[in-house]
Amino acid sequence: MFDIFDSFEIPAGDWIEGIVDWLVGNYRPFFQAIRWPVDQVLATTQDLLLAVPELLFLIGLFLVAWRLANWRIGLFSTLAFALVGFIGLWEELIITFSMVISSVLFCVVVGIPLGIFAARSEGFFRILRPVLDAFQTMPAFVYLVPVVMLFSIGTVPGVIATIIFSLAPIIRLTNLGLRQVPEDVVEAANSFGSSSMQLLVKVQLPLALSTIMAGVNQTIMLSLSMVVIAALIGAGGLGVVVFSGLNRLQVGTAGIGGIGIVLLAMVLDRITQTMAEKSGRKSQGLG
Amino acid sequence: MSHVQLKEVSKVFGANADTALRLMREGKDKTEVQAQTGATVGVYNASIEIARGETFVVMGLSGSGKSTLLRCINRIHEPTSGVVKVGDVDVTKLDRKELQEFRRRAFGMVFQRFALLPHRTVTGNVEYGLEVKGVPREERLRKVEEVLELVGLGGWGDHRPSQLSGGMQQRVGLARALAVDPDILLMDEAFSALDPLIKREMQDELLSLQERMQKTIIFITHDLDEALKLGDRIAVMKDGRVVQVGTPEEIVSEPEDEYVAAFTAGVDRSKVLTAGSIMKDPSPVIRSKDGPKTALQLMRRHGISSLFVVDNQGKLVGLLDADSATGAADRGAKSIAEAIDPNPTTVDVDTPLRESMRIASEGNWPAAVTDASGRLRGVLVKGAILSALTSQPEYSDAPDESAADTSATAHG
């Protein structure tokens with residue numbers, strides 16, 4: 001029986017391997033250079049947060065969450081962190097928290113300018129869109145292999161994989177937020193002779209802020225899911241707890257790791273969502 | 001010299017602009033052009049001259065290109081072809097930076113849906129134009145205070161736009177435009193989103209502001225009554241073309257084509273037409289030195305019962321009716337001088353028709369129509385007024401005849 005797929009095979013896997021090998025062979029210094037700032041930010045955050053006495057951290061968390069959201073969410077955050085601490089996973093929690101903070105910071109720094117550019121240039125947006133689609137639907141595990149080859153294993157490569165994985169929503173929603181600014185408001189700003197920087201800073205960004213914050217929220221959630229998976233390539237934190245529980249078939253270990261992740265997710269989600277709502281009311285002049 | 005001048009301005013949206021313009025030149029309408037090329041013609045070949053201090057209204061239905069035309073003036077829409085001049089400046093030739101500078105000092109724009117910045121206070125909105133100009137804060141606030149007072153919003157500076165009613169929001173929009181002291185106010189359906197009472201109030205306010213400011217105002221509207229009320233002159237647009245430019249009176253009484261005639265069909269004519277536009281030829285007239293017999297003979301020949309009396313310069317002296325003329329003739333008077341009624345009902349040529357009707361019906365028919373120097377220009381007869389009010393002028397070049405011809409209401 002003649003099978004058409006036997007007659008010819010596209011060696012796509014070989015190609016991808018060839019490309020990555022070539023990148024590793026020729027651009028290793030470049031990738032090491034990317035590693036450096038991530039390493040610095042992560043190490044600083046982690047050291048700082050771990051150095052703070054636990055009780056002080058909890059009080060500080062309450063105050064920050066109160067300020068950013070409201071006192072109820074402040075209270076909830078403190079209780080959630082304290083619970084994880086009493087379970088015995090304080091250090092893992094702080095490591096995961098630091099990884100999320102670092103990766104989200106880089107996502108914001110890279111993603112918002114890209115989103116702004118995409119909103120202003122139709123051509124760039126057309127190119128960017130399929131790339132974002134691909135990044136968002138690609139299974140998380142697929143990122144791990146090239147990241148290991150280019151950056152080796154450990155927590156820093158884990159954060160880099162996380163940045164790539166969770167970058168898409170902030171770009172998308174920054175772009176969307178800017179495009180949703182009513183056309184006549186933009187026309188009004190232009191009719192008074194605004195420069196494009198004035199238009200952006202005085203009109204578009206303030207009005208897009210709540211949508212951008214929704215993007216930050218999604219990015220945080222994605223990065224939290226990825227820092228857990230990144231445990232597979234040697235990143236530390238709560239993910240390690242889950243995987244060691246899985247490897248040794250210890251349901252209790254895996255379970256408490258899972259609880260820690262869920263509580264951290266809830267804390268981050270509540271805080272950023274309330275921030276998004278607040279900025280939404282403010283940009284509509286209701287706050 | 002004109003203040004704003006548009007020379008053969010066209011605006012095509014989409015690709016194939018050249019083909020679209022060529023088809024328009026060949027006389028195709030914009031629907032056909034769109035079907036053939038996919039391009040949308042916003043404005044085609046518009047040439048307009050607007051004088052300094054004039055309130056110029058551009059009127060048309062939605063999709064007629066009036067808002068696009070307005071946006072071509074400050075290049076919010078880039079004209080596809082043609083020239084826009086403001087004073088000596090060729091706006092179409094400015095580069096990006098120059099255009100930005102020019103917009104900052106020349107234009108203030110007011111939008112249909114207000115287009116305020118919701119995240120800023122009223123003050124924050126009004127100072128926006130000054131802020132982008134780089135005016136120091138102190139000076140900005142002083143100016144804001146002043147214009148808010150001007151539009152009747154003194155003391156509202158700290159409110160958010162969302163806390164204000166539509167009418168008040170548009171006052172903020174107007175204040176924002178006035179704050180930069182522009183030469184030219186561009187008003188895009190500025191009052192269309194307001195409810196009728198507020199709308200009228202804003203129109204009156206704009207008129208009284210304009211009396212003081214003497215800006216050049218370009219006002220877009222789809223509302224004929226608004227156009228007639230505000231406009232010194234009106235341009236009527238249809239499907240991207242300017243079909244007629246004229247004074248309100250010309251637009252109503254001498255519509256250039258069927259479209260304009262249809263547009264003006266519902267208008268309250270008594271507000272627009274003046275005594276001058278519906279008066280009849282005053283002849284025959286008579287002079288005070290003429291004899292009563294001559295007068296009676298003239299009346300008999302023309303089948304009328306009275307005559308206006310003028311002097312050598314054509315100035316109105318009085319009215320002679322048939323009874324007094326007969327009396328004078330019976331007495332054997334040499335001239336009609338002592339039989340003349342020296343105070344006939346008189347209206348000025350520029351008196352609106354409604355006012356003329358009131359004056360005429362309080363006095364006696366026919367009423368004399370005189371100009372500023374007192375010369376007799378025409379007569380108002382009851383029948384002519386009624387037919388002017390009820391009829392539809394035909395878009396022919398003989399509006400006077402059609403005024404009496406009620407069969408011309410065909411497009412109504």
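Mentor: Two strands pair if DSSP finds at least two bridges between them. Helices (H or I, at least four residues) and strands (E, at least two) are DSSP runs, numbered from the N terminus. Residues are numbered from 1 along each chain as written, chains are lettered from A, and ligands are numbered from 1 in the order written. This is a predicted model: local features need pLDDT of at least 70, side-chain atom pairs count only at pLDDT 80 or more, and totals for chains, interfaces and linings use all residues.

Trainee: Okay. In β4(B), what is the bridge partner of B:S10?
Mentor: B:S81. That bridge belongs to the pairing of β1 (residues 2-13) with β4 (residues 81-86) in chain B. The two strands run antiparallel over five bridges. B:K7 is also bridged to β4(B), through B:V83.

Trainee: And what is the strand order in the open sheet of chain B?
Mentor: β2-β1-β4-β5, four strands with antiparallel pairing. β2 (40-51) and β5 of chain B are at the edges with a single partner strand each, so one side of each has no neighbour in the sheet.

Trainee: What packs on that sheet?
Mentor: Helix α3 (residues 66-73) of chain B. It touches β1, β2 and β4 of chain B, where contact means C-beta atoms, placed from the backbone, within 7 Å. The direction of α3 makes about 60° with that of β2(B). Axes here are lines fitted to C-alpha atoms, for helices over the stretch in contact, and angles run from 0 to 180 degrees between N-to-C directions.

Trainee: How many bridges between β1(B) and β2(B)?
Mentor: Eight, antiparallel. B:S2 stands opposite B:A51 in β2(B), and B:K11 has B:V43 as its bridge partner there.

Trainee: Where does β5 of chain B come in?
Mentor: β5 (residues 89-90) is joined to β4(B) by two bridges, antiparallel. B:K85 stands opposite B:D90.

Trainee: Which residues other than glycine have a positive phi?
Mentor: B:N16 is one of them, with phi near 60°. B:N16 is in the loop between β1 and α1 (17-25) of chain B. Another is A:S152, with a positive phi of about 60°. A:S152 is in the loop between α7 (140-151) and α8 (155-166) of chain A.

Trainee: Why does B:N16 count as partly exposed?
Mentor: Because B:N16 has 15 C-beta neighbours inside 10 Å. A residue is buried if 20 or more other C-beta atoms lie within 10 Å of its own, exposed if 12 or fewer, and partly exposed in between; the C-beta atoms are placed from the backbone. A:S152 is partly exposed too, with 14 such atoms within 10 Å.

Trainee: Let's switch to α6(A). Where is the kink?
Mentor: At A:L128, about 30°, shortly before the proline A:P130. The bend at a residue is the angle between axes fitted to the seven residues ending there and the seven starting there.

Trainee: How far apart are the end C-alpha atoms of that helix?
Mentor: 23 Å for α6 (residues 122-137) of chain A. Its 16 residues should span 22 Å, which agrees. The expected span is 1.5 Å times one less than the number of residues. The number of buried residues in α6(A) is zero, so the helix lies largely in the open.

Trainee: How many residues make up the contact of chain A with chain B?
Mentor: 19 residues of chain A are in contact with 21 of chain B. On the chain A side, α10 (183-191), α11 (196-229) and α13 (251-283) each give two or more residues. α10(A) gives the most, with six. The predictor gives the complex an ipTM of 0.82 and a pTM of 0.77.

Trainee: And chain B overall?
Mentor: Chain B has 19 helices and 16 strands. Its C-alpha trace spans about 85 × 55 × 40 Å along the principal axes. Of its 412 residues, 46% count as buried.

Trainee: Where does pLDDT stay under 50 in chain B?
Mentor: Over residues 396-412. pLDDT is the predictor's confidence in each residue, from 0 to 100. Where it is low, the predicted coordinates should not be read in detail. The mean pLDDT of chain B is 86, and 92% of its residues reach 70 or more.

Definitions and conventions
Contact = placed C-beta atoms within 7 Å.
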